[in-house]
Amino acid sequence: MTEFLTAAVGLILALLGLGLVSILRGPGDADRMMAAQLIGTAGIAVLLLLGTITGVPAAIDVALILALLATFASIAFVKKGLSRLEADYAGSPEDQ
(Lines give C-alpha, C1' and ligand atoms only; values in the text may rest on other atoms or scores of the structure.)
Protein backbone atom coordinates (compact mmCIF):
# COMPACT_ATOMS: atom_id res chain seq x y z
CA MET A 1 0.00 0.00 0.00
CA THR A 2 2.88 2.36 0.76
CA GLU A 3 4.24 1.95 -2.77
CA PHE A 4 0.87 2.88 -4.26
CA LEU A 5 0.59 6.01 -2.11
CA THR A 6 4.16 6.99 -2.97
CA ALA A 7 3.37 6.60 -6.68
CA ALA A 8 0.27 8.78 -6.17
CA VAL A 9 2.46 11.46 -4.57
CA GLY A 10 4.78 11.34 -7.59
CA LEU A 11 1.88 11.70 -10.00
CA ILE A 12 0.44 14.63 -8.06
CA LEU A 13 3.84 16.34 -8.00
CA ALA A 14 4.11 15.92 -11.78
CA LEU A 15 0.69 17.52 -12.22
CA LEU A 16 1.78 20.28 -9.88
CA GLY A 17 4.63 21.05 -12.27
CA LEU A 18 2.13 21.42 -15.10
CA GLY A 19 0.18 23.84 -12.92
CA LEU A 20 3.30 25.96 -12.51
CA VAL A 21 3.60 26.21 -16.28
CA SER A 22 -0.02 27.32 -16.44
CA ILE A 23 0.63 30.07 -13.90
CA LEU A 24 3.55 31.40 -15.90
CA ARG A 25 1.77 31.29 -19.26
CA GLY A 26 -1.85 31.89 -18.24
CA PRO A 27 -3.66 34.38 -20.45
CA GLY A 28 -5.55 36.12 -17.65
CA ASP A 29 -5.67 36.73 -13.93
CA ALA A 30 -8.54 34.31 -13.41
CA ASP A 31 -6.67 31.53 -15.21
CA ARG A 32 -3.62 32.14 -13.06
CA MET A 33 -5.71 32.11 -9.90
CA MET A 34 -7.30 28.81 -10.89
CA ALA A 35 -3.83 27.35 -11.52
CA ALA A 36 -2.70 28.61 -8.11
CA GLN A 37 -5.72 26.91 -6.55
CA LEU A 38 -4.78 23.72 -8.39
CA ILE A 39 -1.28 23.93 -6.94
CA GLY A 40 -2.69 24.53 -3.47
CA THR A 41 -5.00 21.55 -3.79
CA ALA A 42 -2.16 19.36 -5.05
CA GLY A 43 0.02 20.50 -2.16
CA ILE A 44 -2.72 19.62 0.30
CA ALA A 45 -3.12 16.19 -1.30
CA VAL A 46 0.63 15.57 -1.15
CA LEU A 47 0.76 16.55 2.51
CA LEU A 48 -2.18 14.31 3.36
CA LEU A 49 -0.64 11.37 1.54
CA LEU A 50 2.78 11.94 3.10
CA GLY A 51 1.19 12.21 6.53
CA THR A 52 -0.53 8.90 5.93
CA ILE A 53 2.58 7.19 4.56
CA THR A 54 4.94 8.36 7.31
CA GLY A 55 2.43 8.38 10.15
CA VAL A 56 3.15 12.02 11.02
CA PRO A 57 -0.10 13.66 12.14
CA ALA A 58 1.47 17.14 11.95
CA ALA A 59 1.51 16.90 8.14
CA ILE A 60 -2.24 16.38 8.16
CA ASP A 61 -2.69 19.42 10.40
CA VAL A 62 -0.59 21.55 8.06
CA ALA A 63 -2.66 20.34 5.09
CA LEU A 64 -5.88 21.38 6.82
CA ILE A 65 -4.46 24.83 7.60
CA LEU A 66 -3.40 25.25 3.97
CA ALA A 67 -6.92 24.30 2.85
CA LEU A 68 -8.32 27.02 5.09
CA LEU A 69 -5.86 29.61 3.76
CA ALA A 70 -6.66 28.66 0.16
CA THR A 71 -10.31 29.41 0.84
CA PHE A 72 -9.44 32.88 2.08
CA ALA A 73 -7.21 33.48 -0.95
CA SER A 74 -10.11 32.64 -3.27
CA ILE A 75 -12.45 34.96 -1.40
CA ALA A 76 -9.91 37.80 -1.56
CA PHE A 77 -9.45 37.29 -5.31
CA VAL A 78 -13.20 37.39 -5.95
CA LYS A 79 -13.66 40.49 -3.79
CA LYS A 80 -10.85 42.26 -5.64
CA GLY A 81 -12.41 41.34 -8.97
CA LEU A 82 -15.84 42.57 -7.86
CA SER A 83 -14.46 45.90 -6.67
CA ARG A 84 -12.65 46.29 -9.99
CA LEU A 85 -15.89 45.57 -11.86
CA GLU A 86 -17.80 48.08 -9.73
CA ALA A 87 -15.15 50.73 -10.40
CA ASP A 88 -15.34 50.07 -14.15
CA TYR A 89 -19.14 50.21 -14.10
CA ALA A 90 -19.21 53.47 -12.10
CA GLY A 91 -16.89 55.14 -14.59
CA SER A 92 -18.67 53.96 -17.75
CA PRO A 93 -20.02 56.67 -20.05
CA GLU A 94 -23.40 54.91 -20.32
CA ASP A 95 -24.38 56.16 -16.84
CA GLN A 96 -23.85 59.84 -17.64
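This is a predicted model: local features need pLDDT of at least 70, side-chain atom pairs count only at pLDDT 80 or more; totals for chains, interfaces and linings use all residues.
Trainee: What does Leu15 count as, going by its relative accessibility?

Mentor: Leu15 counts as partly exposed, because its relative accessibility is 47%. Buried means under 20% relative accessible area, exposed means over 50%, and partly exposed is in between, with a 1.4 Å probe and protein chains only.

Trainee: Okay. Where is Leu15 found?

Mentor: Leu15 is in helix H1. Helices are DSSP runs of H or I with at least four residues, strands are runs of E with at least two, and both are numbered from the N terminus.

Trainee: And how many Å apart in space are Leu15 and Tyr89?

Mentor: They are 38 Å apart, C-alpha to C-alpha, and 74 residues apart in sequence.

Trainee: New topic. At what angle do the axes of H1 and H2 cross?

Mentor: H1 covers residues 2-25 and H2 covers residues 29-54; their axes cross at roughly 165° and come within 9 Å. The axes are lines fitted to C-alpha atoms, for helices over the stretch in contact, and the angles run from 0 to 180 degrees between N-to-C directions.

Trainee: What does that make H1 relative to H2?

Mentor: Roughly antiparallel, because of that crossing angle. Angles over 145 degrees count as roughly antiparallel, under 35 as roughly parallel, 65 to 115 as roughly perpendicular and the rest as oblique.

Trainee: Which classes of residue does the contact of H1 with H2 have?

Mentor: It has 19 nonpolar, 6 polar and 1 charged residues. Nonpolar here covers Ala, Val, Leu, Ile, Met, Phe, Trp, Tyr, Cys and Pro; charged covers Asp, Glu, Lys and Arg; the others, Gly among them, are polar.

Trainee: Which residues make up the largest nonpolar core?

Mentor: There are 8 in all: Leu5, Val9, Ile12, Leu16, Ile39, Ala42, Val46 and Leu49. H1 and H2 are the elements that give two or more residues to this core. A nonpolar core is a set of buried Ala, Val, Leu, Ile, Met, Phe, Trp, Tyr and Cys residues joined through side-chain atoms within 4.5 Å.

Trainee: Take Val9. What is it in contact with?

Mentor: Val46, Leu49, Leu50 and Ile53, leaving aside neighbours within four places in sequence. Contact means heavy atoms within 4.5 Å. Val9 lies in H1 and is buried, with a relative accessible area of 8%.

Trainee: And Ala42, what is that in contact with?

Mentor: With Ile12 and Leu16, again leaving aside neighbours within four places in sequence.

Trainee: Last one. Is Gln37 buried or exposed?

Mentor: Gln37 is buried, because its relative accessible area is 18%. Gln37 is in H2 and touches Ala70, Ala73 and Ser74, not counting residues up to four places away in sequence.

Methods
Residues are numbered from 1 along each chain as its sequence is written. Side-chain values use heavy atoms; hydrogens and water are left out.
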